[in-house]
Amino acid sequence: MDLLGFVIAIVKALIVLVLMLSTIPILVWSERKLSAWMQDRVGPNRVGPAGLLQPLADVVKFLFKEEVMPQGAEKWLFVAAPVLTLVPALLAFAAIPIGDPIHLFGREVTLQLANVNVGILFVFAVGSLGAYGIVFGAWASNNKFSLLGGLRAAAQLVSYEVSLGLSIVGVLMLTGSLRLGDVVDAQAGTFFGFVPRWNLFAQPIGFLIFTVAAFAETNRAPFDLAEAEQELVAGYHTEYSSMKFALFFMAEYAHMITVSALLTCLFLGGWKVPGLEHIGLGPFLFGVVQTLAFAMKAGFVLFFFQWVRWTLPRFRYDQLMTLGWKVFFPLGVANVMLTGVLLLGSR
Amino acid sequence: MTSVWPLLLYYLLPLVGLWTYRRGGRTGTLAAGISWFLAAVALGVVIGDARSFAVISFYLLSLVAVMTAFLVVTGTNPVYGALSLIGTFTGIAGVFVVLQCEFFGIVQVILYAGAILVLYLFVVMMVDLPKENAQKRGGVRGIAAIATGLGLLALVVKALAPLGMRLQPAAGASAEPYSVRAVGTALFGPYLVPFEVASLLLLVALVGAIVLSGRERES
Amino acid sequence: MNEYLSVLVFLLLATLVGAALLVLSHYLGPRRRGGIKGTPVESGVDPIGDARIPFNVRFYLVGILFIVFDVEAVFLYVWAVIYKQYLNRGAFLLGEMALFIGILLFGYVYAWKKGALDWD
């Protein structure tokens with residue numbers, strides 16, 4: 001390990017962290033604005049132009065709010081749980097690339113924090129650890145609603161994790177690698193000359209399962225059973241206040257960012273734009289356009305998340321579990337076998 | 001090659017510190033402080049002896065695993081035990097990564113930290129009522145447990161001793177002997193039968209759990 | 001290895017940020033203890049009994065189901081990665097996996113029939 005490599009590692013870590021932490025307020029703002037428009041309201045419009053600075057004002061507010069420690073709570077665990085939720089949510093992004101490697105200081109620098117060989121599994125593994133923060137926080141709160149919310153969250157997360165895992169097997173079969181950069185590279189070019197060679201078209205069933213499971217994994221409506229306010233007050237974070245609550249909130253948005261970026265890499269061709277190499281851009285501009293394309297695709301997925309949240313009503317818990325185990329699980333297995341047969345036939 | 005004594009102290013002293021700290025009181029804290037200081041010295045010796053970054057990471061990660069495992073078996077609150085167990089599993093995963101078995105490291109996190117621990121938590125929370133908290137320790141059972149543990153340790157040491165201690169794959173191994181591809185080629189080739197038998201094992205686990213939980217449809 | 005160093009750095013940074021935010025709000029926020037503020041929220045009603053209630057055994061069943069099928073998924077990842085490379089023996093590979101999944105499907109069907117997948 002040389003010094004320059006070490007410096008690059010630290011700089012990258014800082015960039016990714018700042019990128020994540022600055023995207024979260026924008027997401028909060030867009031969520032509030034979008035929901036307002038969909039419900040024929042104005043939404044935040046006082047702090048800054050079009051209310052853009054509202055999330056920052058919220059952060060300041062959170063900082064100055066009183067922390068409440070519920071009676072009978074496990075103090076240490078109660079305080080640690082929000083951090084235990086936020087850290088995996090941020091860390092999962094580490095293995096996601098946002099563009100082709102660039103050349104800097106005479107060496108190749110990948111546009112991702114850690115170009116690990118098992119990238120996809122890294123995102124899954126680290127992302128799934130976020131469930132523990134929720135369960136521990138719920139248990140430590142000494143509140144029945146919290147405990148029920150936390151248990152629901154855990155059961156839901158593990159149920160859909162199986163479907164999520166199965167949905168990407170088809171993609172892996174087409175790619176033959178667990179490295180996310182390879183998955184994106186395999187999606188360059190087009191089918192029949194006009195359809196982009198994205199896994200969205202090659203793996204439609206996988207895409208469907210992944211998208212639905214992604215909603216469940218991020219605890220977003222219509223799968224937000226863990227914090228169903230009509231039944232459970234606020235679910236696992238009922239007893240949380242001030243910045244501790246805000247950390248749970250940030251973790252949810254960080255998960256959304258990671259899942260959107262992962263979806264883009266796996267199914268929407270990552271940063272590949274069909275036909276871009278024929279335009280004749282310089283290498284620098286080429287890279288910029290690619291990364292912008294990635295940001296736009298992921299941004300659209302994020303918009304889609306919010307659009308769905310404010311459009312669909314919530315599932316019932318039994319519907320949710322039945323859907324996961326009786327519909328998406330068999331569908332995922334069938335998709336794997338189908339892909340195997342089709343690949344065999346195309347030989 | 002690091003000699004055995006600093007290594008032994010390196011792993012044991014932090015545990016002694018944890019144990020005495022648990023005991024509480026001024027003497028306990030003092031003893032903990034002393035043993036942690038000595039542990040830091042042992043750490044210095046061990047790391048000073050290490051040649052590479054990988055070796056240092058190995059010692060640090062394995063210490064994390066050992067210490068959290070100690071907390072799991074000595075703690076009184078099972079939920080905190082589960083929390084410590086996450087540390088143990090991630091520490092072991094880190095050791096796998098240092099040993100260039102990335103895939104096993106990640107699978108360790110996915111299956112142990114991600115799946116098995118969820119089940120532990122469900123069970124622990126299900127039975128975690130106050131009366132179960134204060135279970136008696138020590139006595140004959142404690143001695144038996146320690147003896148069993150030491151016996152197991154002796155077996156492992158005896159089995160591993162001929163291999164010596166090295167952190168690099170044996171000479172002549174392929175460039176990435178533990179990559180996913182290598183694992184797959186082995187698993188679906190020469191190790192096909194164990195792989196298929198594994199599915200039977202999983203089947204038994206599944207059916208057994210359903211039978212034991214005694215959940216029959218009420219029709 | 002080097003790649004995981006950045007992961008470690010990022011892990012430390014993220015933990016630091018989270019902890020720093022908590023510490024900040026701890027010192028910036030007001031503290032007015034007392035009253036019924038600390039009682040658990042039960043929608044205005046005095047809490048009844050212990051909050052750590054025993055819950056349904058179904059959660060445990062879901063945990064077991066998850067472990068079994070997660071192990072299956074890990075095997076599938078390994079299999080999927082090498083599938084294309086050995087496509088000339090693809091039928092054999094597909095058969096191996098079909099057998100593996102087929103055996104597990106017995107368990108799945110059993111669970112379905114026994115109502116372990118229902119959440120009524």
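Reader: How many Å separate the centres of domain 1 and domain 2 of chain C?

Author: This is a predicted model. Chain C is divided into domain 1, residues 1–30, and domain 2, residues 56–120. Taken over C-alpha atoms, the centres of these two domains of chain C are separated by 38 Å.

Reader: Which pattern does chain C follow along the sequence?

Author: Count the elements of chain C to begin with. Chain C has 3 helices and 0 strands. Read along the sequence, its pattern is α-α-α.

Reader: What share of the residues in chain C is buried?

Author: A residue is buried if 20 or more other C-beta atoms lie within 10 Å of its own. Chain C has 120 residues. The buried share of chain C is 37%.

Reader: Which element gives the most to the side of chain C that touches chain A?

Author: This contact takes 70 residues from chain A and 58 residues from chain C. With 21 residues, the element that gives the most is α1(C).

Reader: How many residues of the side of chain C that touches chain A are nonpolar?

Author: Sort that side of chain C by class. It has 8 charged and 13 polar residues. The nonpolar residues number 37.

Reader: Which element gives the most to the side of chain B that touches chain A?

Author: Here the contact takes 17 residues from chain A and 16 residues from chain B. On the chain B side, α4 (78–98) and α5 (102–127) each supply at least two residues. By class, that side has 13 nonpolar, 2 polar and 1 charged residues. With 10 residues, the element that gives the most is α5(B).

Reader: Are α9(B) and α3(C) roughly parallel or roughly antiparallel?

Author: Helix α9 of chain B covers residues 192–213. Its axis and that of α3(C) come within 9 Å and cross at roughly 5°. Angles under 35 degrees count as roughly parallel, so α9(B) and α3(C) are roughly parallel.

Reader: How many nonpolar residues has the contact of α9(B) with α3(C)?

Author: Among the residues of α9(B) in this contact are Leu192(B), Phe195(B) and Ile210(B). Those they meet in α3(C) include Leu99(C), Phe100(C) and Tyr110(C). The contact has 2 polar and 2 charged residues, and its nonpolar count is 15.

Reader: Are α9(A) and α11(A) roughly parallel or roughly antiparallel?

Author: Helix α9 of chain A spans residues 204–217, and helix α11 of chain A spans residues 242–267. Their axes come within 11 Å and cross at roughly 170°. Angles over 145 degrees count as roughly antiparallel, so α9(A) and α11(A) are roughly antiparallel.

Reader: Which residues of α11(A) make the contact with α9(A)?

Author: By class, this contact has 7 nonpolar, 1 polar and 1 charged residues. From α9(A) come Phe207(A), Phe210(A), Thr211(A), Ala214(A) and Glu217(A). From α11(A) come Val259(A), Leu263(A), Leu266(A) and Phe267(A).

Reader: Which element gives the most to the largest nonpolar core?

Author: The largest nonpolar core has 180 residues. Ala94(A), Leu121(A), Phe210(A), Ala254(A) and Tyr77(C) touch the most other members. With 20 residues, the element that gives the most to this core is α2(C).

Reader: How many residues has the second, separate core?

Author: Look to chain B for some of its members. They include Leu13(B), Ala42(B), Leu43(B) and Val46(B). The number of residues in this second core is 7.

Notes
Residues numbered from 1 in each chain as written. Chains lettered and ligands numbered in written order. Predicted model: local features only at pLDDT ≥ 70, side-chain atom pairs only at ≥ 80, totals over all residues. Contact = placed C-beta atoms within 7 Å. Helix = DSSP H or I, 4+ residues; strand = E, 2+ residues; numbered from the N terminus. Nonpolar A, V, L, I, M, F, W, Y, C, P; charged D, E, K, R; others polar. Buried ≥ 20, exposed ≤ 12 C-beta atoms within 10 Å, placed from the backbone. Axes fitted to C-alpha atoms, helices over the stretch in contact; angles between N-to-C directions. Parallel < 35°, antiparallel > 145°, perpendicular 65-115°, else oblique. Core = buried A, V, L, I, M, F, W, Y, C linked by C-beta atoms within 7 Å. Domains from an automatic or database assignment.
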